[in-house]
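Please examine the chain shown below before reading the notes that accompany it.

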Amino acid sequence: MKAETNERSSYSNLLYTVLIISAAAIALAFPAPFTKLGDFPLKKLIIPLLQIIMLGMGTTMSISDFEGVIKQPRAVFVGVSCHFLIMPLLGFTLANGFSFPPEIAAGVVLIGCSPSGLASNVMCFIARANVPLSITVTTLSTLLAPFLMPALMTLLAGQFIEISFWKMMVEIMQIVILPVIIGLALNRIFHKSAVILNRVMPLISMAGIVLIVAIITAAGRDSLLTVGWTLALCVLIHNLTGFTLGYWSARVFGMDEQSCRTVAIEVGLQNGGLASGIAVQMGKVATVGLAPALFGPIMNTTGSLLATYWSQHPPKDILIKEATPIKSVSSQDA
């Protein structure tokens, strides 16, 4: 049964990745349908879509998601700290190293300063990693985003573009915290319908992210055609280095294999949708929003490959548990 569930999640994740890549490719080739609907600019849908996605996250959350802080505080601290140290510093280093135009460079830093990606929990499940730790780190990094993202952006991206700390903090609160609180309340009020919510909301979230990627790709098509391959290489390096440094940082802190895999995935996957929303609020979706738009398809592709590889190479402690036979009571034992 567990193997079947794992396989089902793998197929769902593969489908999600294919849809995102397809959406980006179609929007790049045919941008017009994803730019305007009549006189209405479709980029105005990004913020409401993000709020729906975060609402969906809230409906799947409960107080038990925070149990990890009590049960494994050291692992949670390492995971969250690595996420908000490794990726922002990598983004800053790469933005300077590639010598992008200021607004493109700011986008690279922005995706690095974002909280953990919402797909990380599924990836950790497929990779046979520490799922409770993943859920806790994702939740905490998301709730810390209104404070840490503006602070990190001011510190690291201030040399590229003007950053308003308080304005960004309020915008992230509106995009993240408010919808999550409403989602938590809905989960509490309609607890008996939580199973239906948990099935429907992830599908809505998936559709929302696919549409956001298409809209941003279409909006930034001209810039993408200019710096596209270079920016894609930069984003790929950012993502893969995040996986690598996340894994080995956890190793340095003496964490078990399952937790090391979790930290690697939590560090390497970013909430590109939230970064895109911030770019929209800045009025720079076609420039600052490009790195987040590219990061989504790339991280889902590399994350799926990594999770699938790890699923075929279970941690030793899991292998030992699975190989240990259940001792039966015999007449001799009696």
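Predicted model: local features only at pLDDT ≥ 70, side-chain atom pairs only at ≥ 80, totals over all residues.

Residues are numbered from 1 along each chain as its sequence is written, and side-chain values use heavy atoms, without hydrogens and water.

**The chain**
- The chain has 14 helices and 2 strands; these are DSSP runs, numbered from the N terminus (helices: H or I, at least four residues; strands: E, at least two).
- Of the 334 residues in the chain, 51% are buried, meaning under 20% relative accessible area with a 1.4 Å probe, protein chains only.

**Helix H8**
- Helix H8 covers residues 165–189, which is 25 residues.
- From first C-alpha to last, H8 reaches 35 Å, close to the 36 Å expected at 1.5 Å a residue; the expected span is 1.5 Å times one less than the number of residues.
- Buried residues of H8 include Met168, Ile172, Pro179 and Asn187.

**The second largest pocket**
- A pocket is an open set of points on a 1 Å grid over the protein atoms alone, where a 1.4 Å probe fits, with protein on both sides within 12 Å along at least five of seven lines; lining residues have an atom within 4 Å of a point.
- The second largest pocket is lined by 16 residues, and Ala24, Leu28, Trp229, Ala232 and Leu294 lie nearest its centre.
- Helices H1, H9, H10 and H13 each supply at least two residues of this lining.

Definitions and conventions
Buried < 20%, exposed > 50% of the residue type's maximum accessible area, 1.4 Å probe, protein only.
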